[in-house]
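Here are my notes on this model, as numbered points. Please read them with the coordinates open.

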Amino acid sequence: MTRAHVGLGSNLGDRMATLDAAVRALDADQLTHVMAVSRVYETEPVGPPQPPYLNAVIEAVTTLTPHELLEAARGVEDSLGRVRAERWGPRTIDVDILVYDELTVDEPDLEIPHPRMHERGFVLVPLGELDADAMLPGGRRLSTHRLSPDAVFGVRPFAPPLPIP
């Protein structure tokens with residue numbers, strides 16, 4: 001089993017229900033088990049004008065390969081009505097692989113660790129709840145990474161952790 005951290009975000013519809021459905025869908029895969037879920041944070045969007053996001057991070061163990069986990073994540077997005085109309089645009093759900101154990105993947109369709117996670121408080125704050133020493137791009141570690149005030153500005157606690165199925 002390999003430990004992975006997956007970021008979740010939603011800013012359309014019933015955001016909490018969508019995040020909860022994403023956690024349940026990821027855990028429903030027989031080869032993936034959700035072990036922990038961060039608190040839920042409300043954050044300002046990155047990109048064009050749109051409603052605020054709810055964000056959380058899950059820790060899972062899986063026997064899926066990174067590409068299989070990516071396909072599972074895309075399947076969850078599709079099942080929850082994700083439409084890819086505009087880069088960084090509003091969405092019912094976003095499911096991103098942040099970290100897959102200590103593995104680095106740099107391929108056209110998949111980059112692990114997530115290439116911009118070190119710049120985004122809405123990822124680092126909930127990730128830090130689950131793993132204070134998570135791997136970041138370039139081999140850096142979360143425990144030694146200094147978050148700029150801009151990175152955490154607007155990351156507001158919204159709700160306790162979603163239930164683990």
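1. A residue is called buried here when its relative accessible area is under 20%. By that cut-off, 49% of the 165 residues in the protein are buried. Keep in mind that this is a predicted model.

2. Fold content. The protein has four helices and eight strands. Read from the N terminus, their order is β-α-β-β-β-α-β-β-β-α-α-β. The radius of gyration is 14 Å, close to the 15 Å that the globule rule gives for 165 residues, so the protein is as compact as a globular protein of that length.

3. Dimensions and surface. The C-alpha trace spans about 40 × 35 × 30 Å along its principal axes. The accessible surface comes to about 8,000 Å². Carbon and sulfur atoms account for 55% of that surface.

4. Contact range. Take the contacts between residues at least 6 apart in sequence. Of these, 68% join residues at least 24 apart.

5. Charges. The protein carries 15 positive and 25 negative charges.

6. Is E77 buried or exposed? Its relative accessibility is 2%, and the cut-off for buried is under 20%, so E77 counts as buried.

7. Surroundings of E77. Set aside the neighbours within four places in sequence. E77 is then in contact with R82, R84, I93, D94 and V95.

Definitions and conventions
Residues are numbered from 1 along each chain as its sequence is written. This is a predicted model: local features need pLDDT of at least 70, side-chain atom pairs count only at pLDDT 80 or more; totals for chains, interfaces and linings use all residues. Side-chain values use heavy atoms; hydrogens and water are left out. Helices (H or I, at least four residues) and strands (E, at least two) are DSSP runs, numbered from the N terminus. The radius of gyration is taken over C-alpha atoms; the globule rule is 2.2 Å times the number of residues to the power 0.38. Buried means under 20% relative accessible area, exposed over 50%, partly exposed in between (1.4 Å probe, protein chains only). Contact means heavy atoms within 4.5 Å. Accessible areas come from the Shrake-Rupley method with a 1.4 Å probe; for residues, only the protein chains shown count as cover. Lys and Arg count as positive and Asp and Glu as negative; His and the chain ends are not counted. The place of a charge is taken as NZ of Lys, CZ of Arg, CG of Asp or CD of Glu.
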